[in-house]
Amino acid sequence: MKKDICDRTFTFSVRIVKLCQFLDDKPGVARTLAQQLLRSGTSIGANVEEAQAAQSKADFISKLMIALKESRETRYWLRLLIASEIVPQERISQLQTEAEELTKILGAIIISTKSST
């Protein structure tokens with residue numbers, strides 16, 4: 001797997017952590033959304049890193065499938081944050097775009113790995 005995707009997912013996860021630290025100081029819904037976003041956003045990078053170290057093709061695909069699922073969930077939580085207007089859309093829109101790109105990239109890697117023999 002390319003080093004680029006590992007770097008991108010790590011950087012993305014760090015940016016999610018920073019956003020969640022900002023939201024964690026806010027009460028109620030913001031804090032709940034921050035906790036959900038933190039769980040899914042940080043899982044992407046961790047699972048891509050584990051996939052990189054996988055010993056088998058099946059394990060590699062399994063870890064990337066989890067990262068793909070988490071990137072989809074991250075997009076969902078970011079959309080909820082935008083809808084709730086807790087954080088200005090300008091602050092989140094770049095993260096949302098990155099989450100969509102990661103979803104496409106991870107999906108493409110999974111498909112190409114499954115089809116290679």
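What follows is a conversation about the core, the helices and the charged pairs.

Q: Before we start, what kind of model is this, and how are residues numbered?
A: This is a predicted model, in which local features need pLDDT of at least 70 and side-chain atom pairs count only at pLDDT 80 or more, while totals for chains, interfaces and linings use all residues. Residues are numbered from 1 along each chain as its sequence is written, and side-chain values use heavy atoms, with hydrogens and water left out.

Q: OK, which residues touch the most other members in the largest nonpolar core?
A: They are Leu19, Leu37, Leu64, Leu78, Leu81 and Leu106, out of 32 residues in that core. A nonpolar core here is a set of buried Ala, Val, Leu, Ile, Met, Phe, Trp, Tyr and Cys residues joined through side-chain atoms within 4.5 Å, where buried means under 20% relative accessible area, exposed means over 50%, and partly exposed lies in between, using a 1.4 Å probe and protein chains only.

Q: And which helices supply it?
A: At least two residues of this core come from each of α1 (3-24), α2 (29-52), α3 (57-84) and α4 (89-115), and the largest share, 9 residues, is from α3. The helices are DSSP runs of H or I with at least four residues, numbered from the N terminus (strands would be runs of E with at least two).

Q: Why would such residues sit together?
A: In soluble globular proteins, nonpolar side chains tend to be buried together.

Q: What is Leu19 in contact with?
A: Leaving aside neighbours within four places in sequence, Leu19 is in contact with Leu37, Leu78, Leu81, Val87, Arg91 and Leu95, contact meaning heavy atoms within 4.5 Å.

Q: Now Glu98, buried or exposed?
A: Glu98 is buried, with a relative accessible area of 14%, and its place is in helix α4. Not counting residues up to four places away in sequence, Glu98 touches Phe12 and Arg15.

Q: How many disulfides are there?
A: A search of the whole structure finds 0, a disulfide being a pair of cysteine sulfur atoms within 2.5 Å. Cys6 is buried at 19% relative accessible area, and Cys20 is buried at 4%.

Q: And how many salt bridges does the structure hold?
A: There are 7, each defined as a side-chain nitrogen of Lys or Arg within 4 Å of a carboxyl oxygen of Asp or Glu. One of them joins the side chains of Arg39 and Glu70 at 3.3 Å, N to O, and this pair links distant parts of the chain, with Arg39 in helix α2 and Glu70 in helix α3, 31 residues apart. Arg39 is partly exposed at 38%, whereas Glu70 is buried at 7%.

Q: Where do Lys63 and Glu50 lie?
A: Lys63 lies in helix α3 and Glu50 in helix α2, so the pair ties together parts that are 13 residues apart in sequence. Their side chains meet in a salt bridge of 2.9 Å, N to O.

Q: What about Glu73 and Lys69?
A: Glu73 forms a salt bridge with Lys69, the closest N and O atoms being 2.9 Å apart, and, being 4 residues apart in helix α3, they are separated by about one helical turn. Salt bridges that share partners join Arg39, Lys69, Glu70 and Glu73 into one network.
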